[in-house]
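Reader: I would like a close look at one part of this model. Please keep it brisk.

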Amino acid sequence: QVIRCRAAVAWAAGKPLSVEEVEVAPPKAGEVRVKIVASGICRTDDHLLEGCFPNGEFPVIPGHEGAGIVESIGEGVTYVKTGDKVILLCLPQCGECSFCLNPESNYCVKSHLASPQNLMPDKTSRFTCKGKQINHFLWLSTFAEYTVIPECAVAKIDAAAPLDKVCLLGCGFSTGYGAAINTAKVKPGSTCAVFGLGGVGLSAVMGCKVAGASRIIAVDINKGKFAKAKELGATDCISPQDFKKPIQDVIMEMTGHGVDYSFEVIGNPDTMIAALASCNVNTGVCIMVGELDAGTTIAIDPMLLLSGRTWKGTLLGGMKLR
């Protein structure tokens, strides 16, 4: 049966979301229809709404941090059944491609980076509104009461899991925490700097603490975030606006030689260079977590890398999500 429900639709880039009644078609073969119980709101959704997300298409139902209950399944689906609690995966796991079979990789060839996920794999949409086809976002579209996704983009979870909390495992928490644990592999006793103290940045602070970092310098222009950062493990909190010199110079002075690991969790070219320059000149590792607008380029002094620093990106914190 087609389900009529509410969803927040973005009709065009730069326009506010509009709550509409939408029709959600039943799942086709290999697909799952989920009743969304909880959805996070992530900066990536904002990138989409601003028209800055690569290969996003309008009109669209945003949202990619979701948890819910399987309402129905399409032909051939064996991984989940009706009634299962699930987290939706913005990075699918087909389990068959060379990336999925590589224990060191968390990428999948079915991800949006390989082929846009604005439509289902058969290149059609399961959403209509006012007679118009509505695009999916990363196959998930969690800003709807019901959504349809491929089987490979869902993870079955414990029946007792609180859906309003575990929805954040689908993107925000996993990305920040995993950047420290999996991508940087922060060592006990090391020093770290985290640029940006939103939900993802705070998750990176938590990851650094769990990994045993002895010093965690939290950086943000909003001092209202400092108390929470310290509660979660930050040892120092600094605002670039309090200094006349570049923040990387401040961090160099605080540590003597730069931090062992830095994390840029904002998505700004200037702070990405500052985070890289805050690292130990030879063995420091900088992890790019924040998402830049599509088409952005960064100009850097090659000496920042020639001296030995490592600059790495991370996708969902290196987590194999399922």
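What distance separates the centres of domain 1 and domain 2, taken over C-alpha atoms? Please take the contact between them closely, then the rings and cysteines.

Author: First, the ground rules. This is a predicted model, with local features needing pLDDT of at least 70 and side-chain atom pairs pLDDT 80 or more, while totals for chains, interfaces and linings use all residues. Residues are numbered from 1 along each chain as its sequence is written, and side-chain values use heavy atoms, leaving out hydrogens and water.

Now the domains. The centres of domain 1 and domain 2 are 30 Å apart, taken over C-alpha atoms. Domain 1 covers 3–170 and domain 2 covers 176–316; such bounds come from an automatic or database domain assignment. Domain 1 puts 11 residues into the contact and domain 2 puts in 6 residues (contact means heavy atoms within 4.5 Å). About 750 Å² is buried between domain 1 and domain 2, and carbon and sulfur atoms give 60% of that area. Buried area here is the accessible area (1.4 Å probe) that two parts lose on being put together, summed over both. On the domain 1 side, H47, C52 and N106 lose the most area to domain 2, together 46% of what that side buries.

Next, the rings. The whole structure holds 3 aromatic pairs. Rings of Phe, Tyr and Trp (its six-membered ring) pair if their centres lie within 6.5 Å; planes under 30 degrees apart are stacked, over 60 edge-to-face, and the rest tilted. F53 and F137 pair edge-to-face, 5.1 Å centre to centre with 75° between the planes. F53 sits in the loop between α1 (43–50) and β4 (65–73), and F137 in the loop between β7 (132–134) and β8 (146–150), so the pair ties together parts 84 residues apart in sequence. Helices (H or I, at least four residues) and strands (E, at least two) are DSSP runs, numbered from the N terminus. Both F53 and F137 are buried. Buried means under 20% relative accessible area, exposed over 50%, partly exposed in between (1.4 Å probe, protein chains only). F99 and Y107 also pair edge-to-face, at 4.7 Å and 80°. F99 is partly exposed, at 34% relative accessibility.

Last, the cysteines. The count is 0 disulfides (a disulfide is a pair of cysteine sulfur atoms within 2.5 Å). For C90, the nearest cysteine sulfur is that of C171, 4.5 Å away. C90 is buried, at 8% relative accessibility. For C171, the nearest cysteine sulfur is that of C42, 4.0 Å away. C171 is buried too, at 7%.
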